[in-house]
Amino acid sequence: MERWPAESIWEQVAPLLPGFTVEVLPEIDSSNTELLRRARAGRTEPTLLVAERQTAGRGRLGRPWQSTVSDSLTFSLGLPYAPRDWSGLSLAVGLSLADSLHPDIGLKWPNDLWWQDRKLGGILIEAATAGGQSQVVIGIGINIRPRAAEGLSTPPAALSELWPEACAAAALLRLSAPLVRTLLDFERCGFAPLRARFEARDVLRGRTVQTSEGLQGQALGLSDSGALRLLTSAGEHAIHSSELSVRPLNRQHGDPA
Ligand code: BTN
């Protein structure tokens, strides 16, 4: 069983987020669902909730999120949150995670951590309103050790491929305080100041991509608000909606076949 560094995380984060707590649950349907339930019941204190096992983990676009106990890190962070502009929040979160975990982690617009053209982790951001105050729940799932493809066309990547001693507890300790700092900065300044750093890790840039709505074009990078800029045969499009998925059509030089 994992030994979670709850106290160390609390010591780093509590000065930034008054009232912050860390909680580890051996099993829950979904850490995001649980924090949304709490928010709707008026329990809005900043909470980092680690789920050792999720029985109904959720991904984006209504997909299930599968993870194996101790081979994955699954947690959610809920807090009262009122940025001027929410656009680009998932990009800011992804950037913070990548910066904390490894210089070679790539970012795939809008919500994925990538390594060698395979998904390493995902982010599910949801919001609730409680007593007139907005609450954000940021759910993060990261594959720590390799697992079977389970119906996926490509087996997922794992953090241990980049960081051989990686374990869920060590990863959580590395990323928690920087993530909170990123959220606080984003609340004041939005995505624009992070754009260049995101683009340095952008795995789609320069590649031909297709959206789930059938739009095809060359990824040119991002706008200041975090929209994906796509050069199509009809000109440049800015894709704002995170309600669609994007996949590259060509493999990068040096990628595994
Ligand atoms: C995605 O890539 O589709 C997003 C995956 C998000 C998964 C995490 S695991 C912790 C939190 N609880 C959930 O039910 N989902 C998120």
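Trainee: Which residues of helix 3 are buried?

Mentor: In helix 3 the buried residues are Leu89, Ser90, Leu91, Ala92, Val93, Gly94, Leu95, Ser96, Leu97, Ala98, Ser100 and Leu101. Buried means under 20% relative accessible area, exposed means over 50%, and partly exposed lies in between, with a 1.4 Å probe and protein chains only. Helices (H or I, at least four residues) and strands (E, at least two) are DSSP runs numbered from the N terminus. This is a predicted model: local features need pLDDT of at least 70, side-chain atom pairs count only at pLDDT 80 or more, and totals for chains, interfaces and linings use all residues. Residues are numbered from 1 along each chain as its sequence is written, and side-chain values use heavy atoms, with hydrogens and water left out.

Trainee: Why is helix 3 described as largely enclosed by the rest of the structure?

Mentor: Because 12 of its 13 residues are buried. Its span can be checked too: the expected value is 1.5 Å times one less than the number of residues. For helix 3 (residues 89-101) that gives 18 Å, and the end C-alpha atoms are 18 Å apart, which agrees.

Trainee: How do I read a salt bridge, and how many does the structure hold?

Mentor: Side chains of opposite charge can pair when their charged atoms come close. The criterion is a side-chain nitrogen of Lys or Arg within 4 Å of a carboxyl oxygen of Asp or Glu. The structure holds 18 salt bridges. One of them pairs arginine 53 with glutamate 27, the closest N and O atoms being 2.9 Å apart. That pair links distant parts of the chain, 26 residues apart: arginine 53 sits in the loop between strand 2 (47-51) and strand 3, and glutamate 27 in the loop between strand 1 (21-25) and helix 2. Arginine 53 is partly exposed at 39% relative accessibility, and glutamate 27 is partly exposed at 46%.

Trainee: Are aspartate 117 and arginine 207 buried or exposed?

Mentor: Both are buried. Their side chains meet in a salt bridge of 3.0 Å, N to O. The two positions are 90 residues apart, with aspartate 117 in the loop between strand 5 (112-115) and strand 6, and arginine 207 in the loop between helix 5 (195-201) and strand 8 (208-211). Elsewhere, aspartate 112 and lysine 119 form a salt bridge with closest N and O atoms 3.0 Å apart; aspartate 112 is buried at 10% relative accessibility, while lysine 119 is partly exposed at 30%.

Trainee: Which residues surrounding the ligand are the closest?

Mentor: Of the 20 residues that surround the ligand, the closest are Ser30, Gln54, Arg58, Arg60 and Lys119. A residue is near a molecule if one of its heavy atoms lies within 4 Å of it. By type, the shell divides into 5 nonpolar, 11 polar and 4 charged residues. Here Ala, Val, Leu, Ile, Met, Phe, Trp, Tyr, Cys and Pro count as nonpolar, Asp, Glu, Lys and Arg as charged, and the others, Gly among them, as polar.

Trainee: Which polar atoms lie by the ligand's oxygen and nitrogen atoms?

Mentor: A polar side-chain atom of serine 30 lies 2.7 Å from a ligand oxygen atom, and one of glutamine 54 lies 2.9 Å from a ligand nitrogen atom. A polar backbone atom of arginine 58 is 2.7 Å from a nitrogen atom of the ligand. Alone, the ligand exposes 420 Å², of which the protein buries 98%; accessible areas come from the Shrake-Rupley method with a 1.4 Å probe. Strand 6 gives the most to the shell, with 4 residues.

Definitions and conventions. Polar contact = N/O pair within 3.5 Å; in protein donor to acceptor, adjacent residues only side chain to side chain.
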